Amino acid sequence: MSSTFSNAAEDAVIVPPPAIDETASAATEKAVFAGGCFWGVQGVFQHVKGVKNAVSGYSGGTKDTAAYETVSSGNTGHAESVEITYNPKEVTYGQLLQIFFSVAHNPTQLNYQGPDHGPQYRSEIFTTNGEQKTIAQSYIAQLDKAEVFGEPVVTKVSDMTAFYPAEEYHQDFLTLNPTYPYIVYNDLPKIENLKALFPAKFSPDPVLVLKAKG
């Protein structure tokens, strides 16, 4: 990979913005991304200006299997994912995708992410409407054509069916456990990379789920 930052397990990569993006029409919208362990993905997007909430959870399977221990078997169809509520006039869907591909995860790793292996850690974008699907598919094609990563992007694009929030102890995990070894090595560098690569979009104060619930 070129233009990498940090010595974390997953390096950041400078990627171009998407050639096409959404037209902001609603006050808030939702995006759902899966990119490995949801602790880090949630932590990254909680530090993005314009994001109003980012919730760790499960997508791709059924309600009766949407529990951490069950999903961890890798047999449920679920991916650990993050539902992002955002103001498209402050940060667009395309800009969220750029951050997703650049600093939140490595989109060339099939059914694993860093130390975490299994289909529950796959790279997938769950789109909530046709416009999101078009933008996501177009962007993946754009990144592949430019050979940004040197390897093909394996990120799947699927229609959103349902999102199931994860257990409370998984929410805000990065912020609440900054000295946890996994977080220190795998995820805190992602926050630093976000700040370095997207300074205009970086918010030093994370939007926490527990505060939103309160």
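Glu83 is buried, with a relative accessible area of 19%; buried here means under 20%, exposed means over 50%, and partly exposed is in between (1.4 Å probe, protein chains only). Its salt-bridge partner is Lys30, with the closest N and O atoms 3.9 Å apart. A salt bridge is taken as a side-chain nitrogen of Lys or Arg within 4 Å of a carboxyl oxygen of Asp or Glu. Lys30 sits in strand β1 (residues 29–35) and Glu83 in strand β3 (residues 79–86), so this pair ties together parts that are 53 residues apart in sequence. Lys30 itself is partly exposed, at 39% relative accessible area.

A quick word on ground rules: this is a predicted model, where local features need pLDDT of at least 70, side-chain atom pairs count only at pLDDT 80 or more, and totals for chains, interfaces and linings use all residues. Residues are numbered from 1 along each chain as its sequence is written, and side-chain values use heavy atoms, with hydrogens and water left out.

**Salt bridges**

How many salt bridges does a search of the whole structure find? It turns up five, including these:

| Pair | N to O distance |
|---|---|
| Lys30 – Glu83 | 3.9 Å |
| Arg122 – Glu124 | 2.4 Å |
| Lys133 – Asp159 | 3.3 Å |

Over in the Arg122 and Glu124 pair, Glu124 counts as buried at 2% relative accessibility, and Arg122 counts as buried at 10%.

Asp116, in strand β5 (residues 116–117), is buried yet has no salt bridge. Which side chain of opposite charge is nearest to Asp116? That is Lys190, 7.7 Å away. For charges, Lys and Arg count as positive and Asp and Glu as negative, while His and the chain ends are not counted. Leaving out neighbours within four places in sequence, Asp116 is in contact (heavy atoms within 4.5 Å) with Cys37, Tyr121 and Tyr182.

**Tyr93**

Tyr93 belongs to helix α3 (residues 93–104); helices (H or I, at least four residues) and strands (E, at least two) are DSSP runs, numbered from the N terminus. At 0% relative accessibility, Tyr93 counts as buried. Not counting residues up to four places away in sequence, Tyr93 touches a list of residues, among them Asp21, Glu22, Phe33, Tyr86, Ile125 and Ile135. Tyr93 and Glu29 are 64 residues apart in sequence, but 8.7 Å apart in space, C-alpha to C-alpha.

**The whole chain**

Zooming out, the protein chain has seven helices and eight strands. Its C-alpha atoms fill a box of roughly 40 × 35 × 35 Å along the principal axes. With 214 residues, a compact globule would have a radius of gyration near 17 Å, and the 16 Å of this chain agrees; the radius is taken over C-alpha atoms, and the globule rule is 2.2 Å times the number of residues to the power 0.38. Of those 214 residues, 55% count as buried. Among contacts with a separation of 6 or more, 79% come from residues 24 or more positions apart.
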